[in-house]
Structures are given as structure tokens and as C-alpha cells.
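Please read them with the coordinates open beside you.

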Amino acid sequence: MAVKLKPLISVSNFSFFSSKNIPISFPNFKFQSSVTAMATSYETYNFKLKPKVIDSHLHVWASPEEAAEKYPYYPGQEPTLPGNVDFLLKNMGEAGVDGALIVQPINHKFDHSLVTSVLKKYPSKFVGCCLANPAEDGSGVKQLEDLVLKDGYGAVRFNPYLWPSGQQMTNEVGRALFSKAGELGVPVGFMCMKGLNLHIAEIKELCTDFPSTIVILDHFAFCKPPINEEEKEVFSALLELSKFPQVYVKFSALFRISRKSFPYDDTSQILSQVVSTYGANRVMWGSDFPFVVPECGYVGAKEAVSLNANQINLSSSDLEWIMGRTVMQLFQDSWIAS
């Protein structure tokens, strides 16, 4: 069943926590007869259930044997690391991670059959994020609809480097895809691998024109801890995107955004600023498995967040949001039985 998200409802004027006021948003919450009823229901969910650890960003792809038999790699995108689901489950078990959002890997490009098979085999363990196809004929819009409604994907990734040469994500096809995502109630994840500054105008335009479409910025929008004026301006742009209430941030793939080795402690201050600006309930942890495995290991990817949180005296409540509650808030019908 596809995960559906409702337009964002901000209830920032209501305090659900006695220790700290955290604006809570319910993009996928069926609005009840009163705000009081909604708050009571969410408090019950929030405090009576044991907090789960959910990885908001990882990939799986076929083993060489699976690729040869049923799930071929896209030509030229053969992986150099193991990333099959059995290897993933082993790592998740060792790290104590309860569930994850699987992002369609470039290794299979627009062939989602491998990831779809994993979602169907482990429906309480994983949610899928498909890859938007920005083909000029607009066929990707129907593909997105089918992946959500027929195969149960709960999010979609915009990779700007897959758009036709010279075109932007705000072209006619991009706007149609972004609008369709909002209509279907699935968040759009942006991968700004070559720099947020290259795509900030497009993201702002799409957020402004389609405010009901939820947005997730992968890997801190690839903003490293700033060390010069240009980088400070780009990081400020990331913070300014918080004015759009539908924007969330992944504190993920720390090895990609840090200039240091494990535990990537130079990311602690930018984490502090993002939490202060967005609120912990709009920030989520992700590992970027399997790429993280040779960097610090999957267990290390999880531990690095706690170590950085300790450096900035992040509250245990905020840490729980980042480690699972934020992503569970976005996909509220998921991971219940994991």
C-alpha cells in the first residue's frame, strides 16, 4: 500500500513536551475533530511506544548472481561494493536499526524491480524511495504514479544530473513530476551532489509554487562545514530553506560532508545550527549504506550521530527525533511491526 502524505499542518502554537517547545508537523496525519484529539493521539504514539531507530537513507542493489539471473545492472553502473539485502539486514541487525527508507540506486537506474522485490518481501522493514525519470516525453510522470499506487513507494528522488543537458528541474516535466508527488502525497528528495548553490533557485521555485509537496534534502544538501565565505553563503541558504515548512533535512552520509575521519566531529556545529533553525522534528539520520561500510562501518554510521550530539549537548528527545521519530512522522503507517 502506498504511503500517503497530507498537506503539512503546523501546530507550532501547541506544546506537547514539558521540557522544550518543539513545533510538531503532521504531514501524514488524518486530522481529527480537534487539535486536542490530535495532540493526545500523537502523545500516546510518541511516549508509549519504544523509540525506533530508522535509517532514512540507504541503497540496495542486486548481488552479482541476482544481476545475472533476474535484476541486471544498468550498463556502466556496475557496483564496486556489495549492497544486497542480506548484507544490509546483517548490518542493520548488528547496529540495532529497526527499519529504513531504501533509495533507488543508480546501479539499476529506472528499473525498480530489485528494490520492489525487497519492499514486497519485507513490508514492515522498508519503505521505498523511487527515482524520478525526467524523460522529455513526460512518461516519467506515469511511471511515478505507477510506482506509488501499484508498487507502494512512499517517496521519490530528484537527481538533477539526470535531466536532459541544459535543462533544470523546474522545466515542464520537472514541475509535472513535483506536482504529481504532492498530489500522491509522497515527499521529494533532492540530491545536490555538485553543490546546493547550483540548485537552490530551482528548489525555492518548486517549494513556492507547490507548497503541499514535502521536500527532503539529502545529505545536508551536500553542505560541508563552511571554511570560507562562499561556503558560509551556501550553508546560510540551507538554513533559509527552513522558511518553507515542507522542507526536511537528512543528517546523512557524514563521511561525504565532513572533512575529518570518524566520528566526523566537524559536523556537530552545523548539526546544532540546523536543529536550532529547523527543529529536530525536521531532521533525520541516514547512513548511505553500503557506501558508508568501508568508511566507518554501518555501526559507526549510527554511533557518529550520538557522538556529535553529545558534543553540542543535544537533548535525548531531539536525538530520538533525528534517529527515527522524524522519518516515522513522515511515513506514519510504516515500520509499526518492525
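**Notes on the predicted model**

1. Helix H12 passes helix H13 in a right-handed crossing. The residues that make this contact are Lys 302, Val 305, Ser 306 and Ala 309 on the H12 side, and Leu 319, Ile 322 and Met 323 on the H13 side. Please keep in mind, here and below, that this is a predicted model.

2. As for the geometry of this pair, two packed helices are described by the angle between their axes and the distance between the axes. For H12 (residues 298–311) and H13 (residues 316–330), the axes come within 11 Å and cross at roughly 160 degrees. Angles over 145 degrees count as roughly antiparallel, and H12 and H13 are therefore roughly antiparallel to each other.

3. Turning to the sheet, eight strands form an open arrangement with parallel pairing, in the order E1-E2-E3-E4-E5-E6-E7-E8. The edges are taken by strand E1 (54–58) and strand E8 (283–286), each of which has a single partner strand, so one side of each is left without a neighbour in the sheet. On average, and with direction ignored, neighbouring strands of this sheet are turned by 25 degrees against each other.

4. The pairing of E3 can be followed on both sides of the strand order. E2 and E3 run parallel and are joined by four bridges, with Val 127 in E3 as the bridge partner of Leu 101. E3 also pairs in the parallel sense with strand E4 (residues 155–158), over three bridges, and there Ala 155 in E4 is the bridge partner of Cys 129.

5. E2, H4 and E3 make a right-handed β-α-β unit, in which helix H4 (residues 113–121) lies across strand E2 (99–103) and strand E3, running at about 160 degrees to E3. A right-handed β-α-β unit is also made by E3, helix H5 (residues 139–149) and E4.

6. Further along the sheet, strand E6 (residues 215–217) and strand E7 (residues 247–252) pair in the parallel sense over three bridges. Here Val 247 in E7 is the bridge partner of Val 215.

Notes
Residues are numbered from 1 along each chain as its sequence is written. This is a predicted model: local features need pLDDT of at least 70, side-chain atom pairs count only at pLDDT 80 or more; totals for chains, interfaces and linings use all residues. Side-chain values use heavy atoms; hydrogens and water are left out. Two strands pair if DSSP finds at least two bridges between them. Helices (H or I, at least four residues) and strands (E, at least two) are DSSP runs, numbered from the N terminus. Axes are lines fitted to C-alpha atoms, for helices over the stretch in contact, and angles run from 0 to 180 degrees between N-to-C directions. Contact means heavy atoms within 4.5 Å. A crossover is right-handed if, with the strands pointing away from the viewer, the path from the first strand over the helix to the second runs clockwise. Angles under 35 degrees count as roughly parallel, over 145 as roughly antiparallel, 65 to 115 as roughly perpendicular and the rest as oblique. A crossing is left-handed if the near helix is turned anticlockwise from the far one by less than a right angle, and right-handed if clockwise.
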